[in-house]
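Keep the viewer open and follow along.

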Amino acid sequence: MLMEPLFLKPVFQEKIWGGDRLQTEFGYQIPSKHTGECWAISAHPHGPVTVENGVYQGKKLNELWDEHRELFGNAPGDVFPLLTKILDARTALSVQVHPDDQYAMEHEHELGKTECWYVIAAAADAEMIYGHHAKTRAQLAEMITKGQWDHLLRRIPVKPGDFLYVPSGTIHAIGKGVMVLETQQSSDTTYRVYDFDRVDKKTGKKRALHLQQSIAVTNVPHSDPKLKITTTQNEDAQVTTFIKTDFFSVYRWKLTQGAATFKRTTAPYTLISVLSGIGELQLAGEKYPLHKGQHLILPFAVKEWQLSGTLEIIASEPGEKA
């Protein structure tokens, strides 16, 4: 049984809306100044990450899922169920919506996409598009067809430290000047509702929209999910539980020149992303330095570990449906 962390090498995706903050803020080597996404923990075929250490060094995460399921507690499922990203929105993303599992499996042959965002950074006037004002699906279709975006789309301000849950069927867009850590189902299916009439410089054309699919999968009417965010103290660590769903649970661990012991009770593995600071992970008598921008998985055999230093971490675990 593997009693060491799996440190991972991210994959980067260039986007029309991307920038260079993944380099300037995290020190990543990015492909261009239009890099929108760091796929930090991913086994998705569009961007599987690579193990950087230990006996599985050089292996892709999807290969480990297929060949060494014991690392993940022999969890069921054809695919590794979660995907962790950092997104840098130099300009706003398209207004979009994602399908649920049933629709995605039938039409896209992959998982649906429920996701959530932890806001790492945001401009002073930053906002998200989150939900809509249509009361019926017919009204939604009419407002989309007529391009009544100011009346249809719901906008909310955001600031660093905010957390938003985005269930499948939620119309949304990350706004200009926002950087988030996203925890989501392992899916790359996105239906664009509106793209601000932008032209892709590479193709000279507007990006494709998916209006029929968007109208079919959008939740009508929109309702905000009720979150029960709690914060507790674990030794020197402040532990915030943002959400627990059938798909994933997401936490923030904050230490300031301190130390704390963590224990996993039911989940088969834990995903960790270091958002800031310097510290140390200790488990099974070994010590591993931690710093901003690292991403790792604690496999099934690791039930207890210690963190020390000054760290801000977003951690996640699979839910029962994952």
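Let's begin with Phe 72. Setting aside residues up to four places away in sequence, Phe 72 touches Leu 61, Leu 64, Trp 65, Phe 80, Pro 268, Tyr 269, Ile 297 and Phe 300. Bear in mind as you look that this is a predicted model.

Phe 72 belongs to the largest nonpolar core, which has 40 residues. Together with Phe 80 and Ile 297, Phe 72 touches the most other members of that core. Another core, of 22 residues, lies apart from it, and includes Val 239, Leu 283, Trp 305 and Leu 307. As general background, nonpolar side chains in soluble globular proteins tend to be buried together.

## Phe 26, a loop residue

Now turn to Phe 26, which you will find in the loop between helix H1 (21-24) and strand E3 (35-41). Is Phe 26 buried or exposed? Its relative accessibility is 9%, and buried means under 20%, so Phe 26 counts as buried.

If neighbours within four places in sequence are left out, Phe 26 is in contact with Arg 21, Ile 86, Ile 120, Met 179, Val 274, Leu 275, Lys 292 and Gly 293.

## The largest pocket

Next comes the open space. The largest pocket holds about 710 Å³, and 32 residues line it. Nearest its centre are Glu 14, Lys 15, Ile 16, Trp 17 and Arg 207. Two or more lining residues come from each of strand E2 (11-19), strand E5 (82-89), strand E7 (115-122), strand E11 (172-173) and strand E14 (199-200). The most come from E2, which gives 4 residues.

What classes of residue make up the lining of the largest pocket? There are 15 charged, 9 polar and 8 nonpolar residues.

## The enclosed cavity

Finally, the structure has 1 cavity of 30 Å³ or more. The space in the largest cavity comes to about 30 Å³. Its lining is made of Ile 41, Thr 84, Leu 181, Thr 183, Leu 271, Ile 272, Ser 273, Ile 314, Ala 315 and Ser 316. At least two of the lining residues are supplied by each of strand E12 (178-185), strand E19 (270-283) and strand E22 (304-318).

By class, the lining of the largest cavity has no charged residues, with 6 nonpolar and 4 polar ones.

Notes. Residues numbered from 1 in each chain as written. Predicted model: local features only at pLDDT ≥ 70, side-chain atom pairs only at ≥ 80, totals over all residues. Heavy atoms only, no water. 1 Å grid on protein atoms, 1.4 Å probe; cavity = no way out; pocket = protein on both sides within 12 Å on 5 of 7 lines; lining within 4 Å. Points joined across faces, edges and corners; volume = space filled by probe spheres on them. Nonpolar A, V, L, I, M, F, W, Y, C, P; charged D, E, K, R; others polar. Buried < 20%, exposed > 50% of the residue type's maximum accessible area, 1.4 Å probe, protein only. Contact = heavy atoms within 4.5 Å. Core = buried A, V, L, I, M, F, W, Y, C linked by side-chain atoms within 4.5 Å.
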